[in-house]
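This report walks through a few spots in one protein model. Keep the sequence and the 3D view at hand.

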Amino acid sequence: MKIDLTETTSSKINQALVSARRAIGTPAIGMVLTLVIVTDEENAYDALKSAGDASREHPSRIIAVIKRVSRSPRSRRDARLDAEVRVGSDAGTGETVVLRLHGELAHHAQSVVLPLLLPDAPVVVWWPQDAPADPAKDPLGALAQRRITDAYAAEHPGRELAVRADSYTPGDTDLAWTRITPWRSMLAASLDQQSAPVVSATVEGESENPSCELLAMWLADRLGVPVERTVSAGPGLTAVRLETKNGVIVLDRPDGSLATLSMQGQPDRAVALKRRDTAELLAEELRRLDPDNTYASTVRFGTEKLGGAAEPEQAEPVPADAPAAAPAPAKAPAKKSAAKKAASK
């Protein structure tokens with residue numbers, strides 16, 4: 001069931017939700033949390049579909065906030081709220097409210113969202129893309145116990161990890177971290193079968209994939225060993241190699257679906273490591289609402305401590321009319337040290 005509301009208010013949206021539940025015969029609220037999605041028109045469909053699929057595991061009220069910034073000065077001064085209410089089969093196992101904020105109202109989204117939050121239920125805010133530099137200080141992020149970003153959607157994922165580290169507040173998390181949960185579980189299980197300590201590690205994956213950096217930083221932080229980050233053609237993470245005093249542990253996934261675990265003295269084993277979609281990642285994050293201390297320690301470790309280079313530095317563009325750089329002066333031949341002179345005699 002869908003209800004369209006034009007030039008409405010939060011009070012009228014709440015009334016529409018109650019009327020819709022009565023119309024479909026479910027007056028009681030059986031939802032466990034409120035999920036706020038901050039997105040744009042381009043990405044709204046995919047984000048709502050992923051949230052709807054995740055709500056089958058976590059029944060929730062989904063509130064999509066779409067800010068419609070007007071182009072003309074007169075339109076920017078006009079504040080208007082349009083809404084779409086979905087319940088029943090059109091909203092998964094919960095309720096969905098799509099808010100479109102026009103004009104000045106786009107800068108005060110929290111005042112619209114606050115009356116729509118479920119009472120006495122946790123709040124999660126998710127930015128599928130264009131997340132703020134400090135999610136906890138964002139007006140909408142301040143309403144939430146859990147804040148979800150995605151460094152993979154950023155233009156420069158490596159730099160985005162540094163931003164996440166600088167602004168980390170308990171309750172923050174990132175889907176780039178969620179993507180490596182099966183890898184971390186498998187590597188931890190393999191190390192439980194080896195009594196010898198790890199002396200070094202290598203993480204291989206496609207360029208500009210923040211999950212690869214996070215896995216490398218997690219290994220370096222947890223094991224206290226040098227970790228090298230190397231680049232492959234992908235897809236995503238392709239291999240992890242752990243050097244131990246008893247041999248090498250290799251987890252190799254060349255096709256993004258099936259991996260092979262190789263350990264010294266044991267036969268190779270096939271491991272299912274399928275790349276998961278956004279709905280599965282979101283459902284995993286909604287299972288826990290407490291701070292993730294392991295993620296905090298990992299993201300703060302810093303990519304600059306890793307060996308290798310996963311994301312090349314972007315060279316500054318040179319203007320066409322810039323003068324040519326002067327050639328570097330030739331270096332004078334170094335004088336021989338007294339020891340070398342003595343050795344040459």
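## A threonine in a strand

Thr 39 is part of strand β2, residues 33-39. Helices (H or I, at least four residues) and strands (E, at least two) are DSSP runs, numbered from the N terminus. The model is predicted: local features need pLDDT of at least 70, side-chain atom pairs count only at pLDDT 80 or more, and totals for chains, interfaces and linings use all residues. Residues are numbered from 1 along each chain as its sequence is written, and side-chain values use heavy atoms, leaving out hydrogens and water.

Thr 39 has a relative accessible area of 8%, so it is buried. Buried means under 20% relative accessible area, exposed over 50%, partly exposed in between (1.4 Å probe, protein chains only).

## An aromatic cluster

Two aromatic pairs turn up in a search of the whole structure. Tyr 168 and Tyr 295 make an edge-to-face pair, 6.0 Å centre to centre with 65 degrees between the planes. Tyr 168 lies in the loop between α5 and β8 and Tyr 295 in helix α10, so this pair ties together parts that are 127 residues apart in sequence.

Trp 177 and Tyr 295 form a tilted pair: 5.7 Å centre to centre, 55 degrees between the planes. Rings of Phe, Tyr and Trp (its six-membered ring) pair if their centres lie within 6.5 Å; planes under 30 degrees apart count as stacked, over 60 as edge-to-face and the rest as tilted. Tyr 168, Trp 177 and Tyr 295 form one aromatic cluster. Trp 177 is buried, at 1% relative accessibility.
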